[in-house]
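Me: I'd like to learn how to read a protein model. Can we go through one together?

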Amino acid sequence: MNTTSPLLEQQALVVFSGGQDSATCLAWALSRFQRVLTLGFDYGQRHSVELACRQRVREGLARLNPLWASRLGPDALLNIDIFRQLADTALTSDTPIDEHGANGLPNTFVPGRNLIFILHAAAWAYAKNIRHMVLGVCQSDYSGYPDCRDDSIKAMQVAVNTGMDAHYTLHTPLMWRSKKDAWMLARELGGDPLVDLIVEESHTCYQGQRGQRQPWGYGCGACPACRLRAAGYTAYAEEQAAQNRQKDDA
């Protein structure tokens with residue numbers, strides 16, 4: 001278990017959905033910052049079950065590591081009930097999920113979602129004197145959402161710093177990692193117990209299904225989010241098995 005990362009004597013805010021990526025980012029932040037708060041968003045997502053997973057993931061992380069428990073601060077949930085008014089997307093309605101929607105983007109793309117999250121998170125953090133924000137966005141292994149790209153995040157960092165006359169740093173630990181690498185990072189941070197916690201308690205499925213347990217967690221197994229998570233976990237498990245065989249042969 002990696003707890004030797006350089007400690008930053010500041011607070012950090014993790015934009016925390018309850019999914020695999022944000023759970024890994026929360027563990028990453030807890031290994032680096034003195035105090036870590038979490039902020040989630042209820043934006044009318046069809047997979048709102050992820051909101052119920054958030055507290056179980058937080059509690060599980062605190063149980064895994066007493067140091068993490070001492071650093072884990074309060075959680076907050078903001079209601080941003082505007083996305084249904086802004087755009088008709090499959091993630092905020094019952095529209096069938098289509099990976100080939102308008103402009104070549106999947107119809108699960110919610111225009112401006114991450115940009116609005118960052119703006120609200122920065123405003124929420126401002127009065128609390130929090131200037132480090134941790135985001136689970138990723139460009140190297142994602143669904144094609146343009147607001148997950150590195151350029152988008154860097155542009156938002158400039159915008160909030162200019163508009164609020166502040167000095168925010170937006171951390172993106174997963175930006176250049178594949179989904180397999182995200183599982184690997186979780187194992188580096190917290191060993192198999194953290195991987196098991198993320199498998200069991202985090203939620204990714206766009207359909208919001210928690211009934212069927214897969215090797216990689218709960219979900220329908222067919223939506224783009226499930227397939228991406230499953231492929232990453234399969235590659236991770238295969239690499240772990242290969243490493244174990246090498247150890248046995250040594």
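Me: Is asparagine 129 buried or exposed?

Reply: First, a word on the model: it is predicted, so local features need pLDDT of at least 70 and side-chain atom pairs count only at pLDDT 80 or more, while totals for chains, interfaces and linings use all residues. Residues are numbered from 1 along each chain as its sequence is written, and side-chain values use heavy atoms, leaving out hydrogens and water. Now, buried means under 20% relative accessible area, exposed over 50%, and partly exposed in between (1.4 Å probe, protein chains only). Asparagine 129 has 57%, so it's exposed.

Me: Where does asparagine 129 lie?

Reply: Helices (H or I, at least four residues) and strands (E, at least two) are DSSP runs, numbered from the N terminus. Asparagine 129 is in the loop between helix 5 (113-126) and strand 4 (132-134). Its phi is positive, about 60°, although it is not a glycine.

Me: Which residues have the most contacts inside the largest nonpolar core?

Reply: A nonpolar core is a set of buried Ala, Val, Leu, Ile, Met, Phe, Trp, Tyr and Cys residues joined through side-chain atoms within 4.5 Å. Here the largest one has 68 residues, and Leu13, Leu61 and Leu194 have the most contacts inside it. Helix 7 (residues 179-201) gives the largest share, 11 residues.

Me: How many disulfides are there?

Reply: A disulfide is a covalent bond between the sulfur atoms of two cysteines. The rule asks for a pair of cysteine sulfur atoms within 2.5 Å, and the count here is zero. Take cysteine 138: the nearest cysteine sulfur, that of cysteine 148, is 7.8 Å away.
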